[in-house]
Amino acid sequence: MAGGRGKRLKSKTEKPLFKFRDKPLVSYVLNNLKNSKNVNKILIAISPNTPKTKDYLIENYNASDFLKDSNHEFSYIDTPGDGYVEDLSFILDKLENNGLNEVILTINSDLPFISSDTIDKVLEEYYSCDEIAMSVFAPLTIFNDYSIEPSFVFDDLIPSGLNILISKNIIQSEKKLIVPNLELAFNINTLEDVEIANNLLNQ
Ligand SMILES: Nc1ccn([C@@H]2O[C@H](COP(=O)(O)OP(=O)(O)OP(=O)(O)O)[C@@H](O)[C@H]2O)c(=O)n1
Ligand SMILES: C[C@](O)(CO)[C@H](O)COP(=O)(O)O
């Protein structure tokens, strides 16, 4: 998901293109997805909020327009940019109407540290559970340990921005998976988050 406004970052650069150390945020996620054993194709949601991200994907990842040519390893889909849930629902609708019947892992473009290994393990957990959807949460304790401010807290759990569901625009019953990995807490929303992430890497 790379179509958000990135308001909290207060940068002129679109958030997915915000340079963190040597590359744009979105590149970390794309490279980690590419190296995941259990991921076949990568579809990037862009929106009127992120036109330069679309150009970047075409130039650097040879991304195609998914609705015209879905055979590329990387493709993008133009969403309205109305909000996370609205845009995800728009995408599921398009996938369903295109006759796709796939498992979809959604991941936010602001999670530079989620490793291929974690993505693979979460998918393995999904395939061994009985639900059609899965939401991954990180425990609040990790956020507190590193003084990271979470966006939402439910019962001491924070939605990580990593979810799995099927390609249908329907309400899907889900399993909650709690993954106590530090990498899930590094969600870059503000310049303070960038600083905390940099400090950790410099340790
Ligand atoms: N209409 C939207 C809204 C969000 N996202 C994506 O969903 C993730 C989480 O979004 P969130 O942090 O809520 O929004 P941001 O745009 O990243 O930041 P802000 O809330 O500060 O505007 C991000 O990767 C963002 O690009 C998206 O693809 N489309
Ligand atoms: C809304 C969300 O994408 C659900 O997975 C996630 O919680 C957004 O987190 P952020 O901290 O606002 O990036």
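Q: What makes threonine 106 count as buried?

A: In this predicted model, threonine 106 has a relative accessibility of 5%; buried means under 20% relative accessible area, exposed over 50% and partly exposed in between, with a 1.4 Å probe and protein chains only, so threonine 106 counts as buried. Local features need pLDDT of at least 70 and side-chain atom pairs count only at pLDDT 80 or more, while totals for chains, interfaces and linings use all residues. Residues are numbered from 1 along each chain as its sequence is written, chains are lettered from A and ligands numbered from 1 in the order in which they are written, and side-chain values use heavy atoms, with hydrogens and water left out.

Q: Where is threonine 106 found, and which residues is threonine 106 in contact with, leaving aside its neighbours within four places in sequence?

A: Threonine 106 is found in strand 6, residues 103–107, where strands (E, at least two residues) and helices (H or I, at least four) are DSSP runs numbered from the N terminus. Taking contact as heavy atoms within 4.5 Å, and leaving aside neighbours within four places in sequence, threonine 106 is in contact with Tyr84, Leu88, Gly161, Leu162, Asn163 and Leu165. Its C-alpha atom is separated by 22 Å from that of lysine 19, which is 87 residues apart from threonine 106 along the chain.

Q: How do you know that the chain is as compact as a globular protein of its length?

A: The chain has six helices and nine strands. Its radius of gyration, taken over C-alpha atoms, is 16 Å, close to the 17 Å that the globule rule (2.2 Å times the number of residues to the power 0.38) gives for 203 residues, so the chain is as compact as a globular protein of that length. The C-alpha atoms fill a box of roughly 45 × 40 × 30 Å along the principal axes, buried residues make up 49% of the 203 residues, and residues 24 or more positions apart account for 71% of the contacts with a separation of 6 or more.

Q: What makes a set of residues in this chain a nonpolar core, and which of its members touch the most others in the largest one?

A: A nonpolar core is a set of buried Ala, Val, Leu, Ile, Met, Phe, Trp, Tyr and Cys residues joined through side-chain atoms within 4.5 Å. The largest such core holds 50 residues, of which Leu57 and Ile107 touch the most other members. Helix 1 (residues 25–34) gives the most to this core, with six residues. Apart from it lies another core of 10 residues, among them Ala45, Phe66, Ile91 and Ala133. Leucine 57 touches Leu30, Ile44, Ile46, Asn62, Ala63 and Tyr76, not counting residues up to four places away in sequence.

Q: Why is valine 179 called buried, and where does valine 179 lie?

A: Valine 179 has a relative accessible area of 11%, and is therefore classed as buried. Valine 179 lies in the loop between strand 9 (174–178) and helix 6 (191–202), and touches Val122, Val136, Phe137, Ala138, Pro139 and Leu184, not counting residues up to four places away in sequence.

Q: What makes proline 16 buried, and where is proline 16 found?

A: Proline 16 has a relative accessible area of 3%, so the class is buried. Proline 16 is found in the segment before strand 1, and residues that proline 16 touches, not counting those up to four places away in sequence, include Ala2, Pro24, Thr50 and Ser109.

Q: How do you know that arginine 21 counts as partly exposed, whereas aspartate 155 is exposed?

A: Arginine 21 has a relative accessibility of 40% and so counts as partly exposed, whereas aspartate 155, with a relative accessible area of 75%, is exposed. Arginine 21 lies in the loop between strand 1 (19–20) and strand 2 (23–24), and aspartate 155 in the loop between helix 5 (140–145) and strand 8 (157–166). Although not a glycine, arginine 21 has a positive phi of about 55°; aspartate 155, also not a glycine, has a positive phi of about 50°.
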